[in-house]
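Dear colleague,

I am handing over the structure below, and my notes on it follow directly after. Please read them with the model open beside you.

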Protein chains: 2
Amino acid sequence: MTAPYKRIATEEAFAPPEMVQAYFDLIDKDPHVDPGLKSAWGYFGRNPSPRALAIRERLQDLGARRIADMDAAGIDRQIIALTSPGTQIFNADVGRHMAVLANDQLAAAVARHPDRFTGLAAIAPQDPAHAAREIERGVNKLGFRGVIINSHTNDEYLDDAKFWPIFEAAEALGTPVYLHPNTPSRPMIAPFLARGLEMAIYGFQVETGFHALSLIVAGVFDRFPKLQLILGHLGEALPFWMYRIDHMHAASVGSGRYKNWIKLDKSPSETMRENFHITTSGMPWAPAIRFVQEVMGEDRVLYAMDYPYQYVPAEVTMSEQVPMSDATRVKFFQSNAEKLFKL
Amino acid sequence: MTAPYKRIATEEAFAPPEMVQAYFDLIDKDPHVDPGLKSAWGYFGRNPSPRALAIRERLQDLGARRIADMDAAGIDRQIIALTSPGTQIFNADVGRHMAVLANDQLAAAVARHPDRFTGLAAIAPQDPAHAAREIERGVNKLGFRGVIINSHTNDEYLDDAKFWPIFEAAEALGTPVYLHPNTPSRPMIAPFLARGLEMAIYGFQVETGFHALSLIVAGVFDRFPKLQLILGHLGEALPFWMYRIDHMHAASVGSGRYKNWIKLDKSPSETMRENFHITTSGMPWAPAIRFVQEVMGEDRVLYAMDYPYQYVPAEVTMSEQVPMSDATRVKFFQSNAEKLFKL
């Protein structure tokens, strides 16, 4: 598994056992529990299948088992982030507590394995001011190299300006924000849930693509032009829609259709190419990787495994065999991540 | 604009004036009107911008203006279908009436311009038995070459087996079903609507990709293995998700996650490659067209303009300049459509 580059996996997850227990408490005791949490953690947390069991055990390990898995799959370094839905399912009090707890646990693990682990800061967007301070603590005190946000926060999206202190802090610190999937928010999940389409088969990508597009339309990248947003799963299909999004955005702005839409400094596709980075998590598929490299540029596409949800060592080989030049492959596995995360 | 092939545009829309008026009646008089209809037809029907005005006029023309537009853009033939949301916003009584009315108007226009127009049959899925009969009338009496369905029918999806007489009739007659976008159904539209993302910038593709995937998961193509489904907009991104859909479907079936999921005869991607045709409507963009040709096969990707919503003659030239062999270009503009629609 040696290669003329380091393999840096950039969307890798962990869960503090205390948070898993808190999810179970919500599922068991809160009659108004988020239906997405109930589906996701009812499965990952309690389904008796070997797949679910392996995922929940691996998520809670930041030591020997994770290192052994990385060795077996040829992964040199993981960029590790609090798993979905993170703190964002709790009220602000519990959310703050879980963010700090998760960051302290992750920082300790990174300190034990500095040559293998890099951390992203968890935050509780429920309290934007605290979240901004936790980003600063994460970057300046704990050595983290970015921020993880697991899409909606109790059904709210970051296009609401009340959340923008989070983007302000990330931009000021020059650290990227990873917008990771969650199940669709309550006001859109019902049809997905009725069909088993609420998670990674379709709902995750709808929710997260929607969220990222809403940030563009709301002018987040006019307000924070240096902000870098990371999307997994090859960009949640937004690269596929680039042409149509540009066309329809221009047409609607041109005809004054939506009063709350503003004319943006850049087209949506320009924003994607200047403010987005894309990882391959769970999509080790040559046609799609090459397509996204073509439309986003090879400097903005990074390898990710999606450990432990998609711990499939054969997919590392698949990713390695995607046709690209040797120089591009070094960017893909190593140097794009080194640059983005300041490794 | 002459070329060594005919340009057949395969997702082109019309609206009977009576149906437009009925939409206005719903918007003005029904306090429970579908919010997607209100958004779409509030804009297309009444927005004073040149874009909306041109769309509503062209939609209602099946004569000289349409022919002149086709000539100006170099389109030899349009495959014409009742525009979204068609009959599917009405109760069953009005739906049946509108389907028959639309089919009679379209058949008359095709009879006047048989060398330029081909029709698809409108139906009212609200009454599946009537819909099946109208498909038969459309194909056998009116000379139509397929069926148009504009996604959800008053928030219901065709994965419900009560609708399957529609697929049974289409399969028996060997005629394809075009699953065209609509705004998202009520139980998912709210977050889209709040941000102006409910239409072709994002909501259409979420709604329609969701609908098509739900048909696969429900086993529609096990039950009707010869059925051909057509998706526009380069497949509503389902081709982009092929690998992930296969992976997650197999993982969930393997771990017994959803009790109502069945093991399918074919993987979702095999179903897409054997039971789907894809048109380019509104996506005249070389990287995405080439990607979809690569993963679906060049025999299953067809040119479409999306007239009159995206009547942009320069996009015909863009489509023509997409790198492909001369033989593939003939398939793309002409012979794939001739074969699918039995022209």
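I would begin with a helix of chain B, α6, whose buried residues are B:Pro128, B:His130, B:Ala131, B:Ala132, B:Glu134, B:Ile135, B:Gly138 and B:Val139. Please keep in mind throughout that this is a predicted model. The predictor gives the complex an ipTM of 0.97 and a pTM of 0.98, and for chain A the average pLDDT is 97, with 100% of the residues scoring at least 70.

To stay with α6(B) for a moment, the helix covers residues 128-140, which is 13 residues, and from its first C-alpha to its last it reaches 18 Å, close to the 18 Å expected at 1.5 Å a residue. What do the buried residues of α6(B) pack against? Their partners, which belong to chain B as well, are the helices α5 (92-112) and α7 (164-173) together with the strands β4 (121-122) and β5 (147-149).

The sheet of chain B comes next. Three strands form an open sheet there, in the order β1-β2-β3, and the pairing is parallel. Because β1 and β3 (117-119) of chain B stand at the edges, each with a single partner strand, one side of each is left without a neighbour in the sheet. On average, and with direction ignored, neighbouring strands of this sheet are turned by 35 degrees against each other. Helix α4 (residues 64-73) of chain B packs on the sheet, where it touches β1, β2 and β3 of chain B, and its direction makes about 135 degrees with that of β2(B).

Looking at the individual pairings, β1(B) is joined to strand β2 (residues 77-82) of chain B by five bridges, and within this pairing B:Phe14 stands opposite B:Leu82. Between β2(B) and β3(B), which also run parallel, there are three bridges, and the residue in β3(B) that partners B:Ile79 is B:Thr118. Is strand β1(B) mostly covered or mostly open, and how many of its residues are buried? This strand, residues 8-14, is mostly covered, with seven of its seven residues buried.

Five bridges connect β1(A) with strand β2 (residues 77-82) of chain A, and A:Phe14 has A:Leu82 as its bridge partner in β2(A).

Why does A:Asn150 count as buried? Its relative accessibility is 2%, and buried means under 20%, so A:Asn150 falls in that class. A polar atom of the A:Asn150 side chain lies 3.3 Å from the backbone oxygen of A:Leu82, the residue that also partners A:Phe14. With neighbours within four places in sequence left aside, A:Asn150 is in contact with A:Leu82, A:Thr83, A:Ser84, A:Pro85, A:Gly86 and A:Gln88, and also with A:His180, A:Pro181 and A:Asn182.

With best wishes

Definitions and conventions
Residues numbered from 1 in each chain as written. Chains lettered and ligands numbered in written order. Predicted model: local features only at pLDDT ≥ 70, side-chain atom pairs only at ≥ 80, totals over all residues. Heavy atoms only, no water. Buried < 20%, exposed > 50% of the residue type's maximum accessible area, 1.4 Å probe, protein only. Helix = DSSP H or I, 4+ residues; strand = E, 2+ residues; numbered from the N terminus. Pairing = 2+ DSSP bridges. Polar contact = N/O pair within 3.5 Å; in protein donor to acceptor, adjacent residues only side chain to side chain. Contact = heavy atoms within 4.5 Å. Expected span 1.5 Å × (residues − 1). pLDDT = per-residue confidence, 0-100. Axes fitted to C-alpha atoms, helices over the stretch in contact; angles between N-to-C directions.
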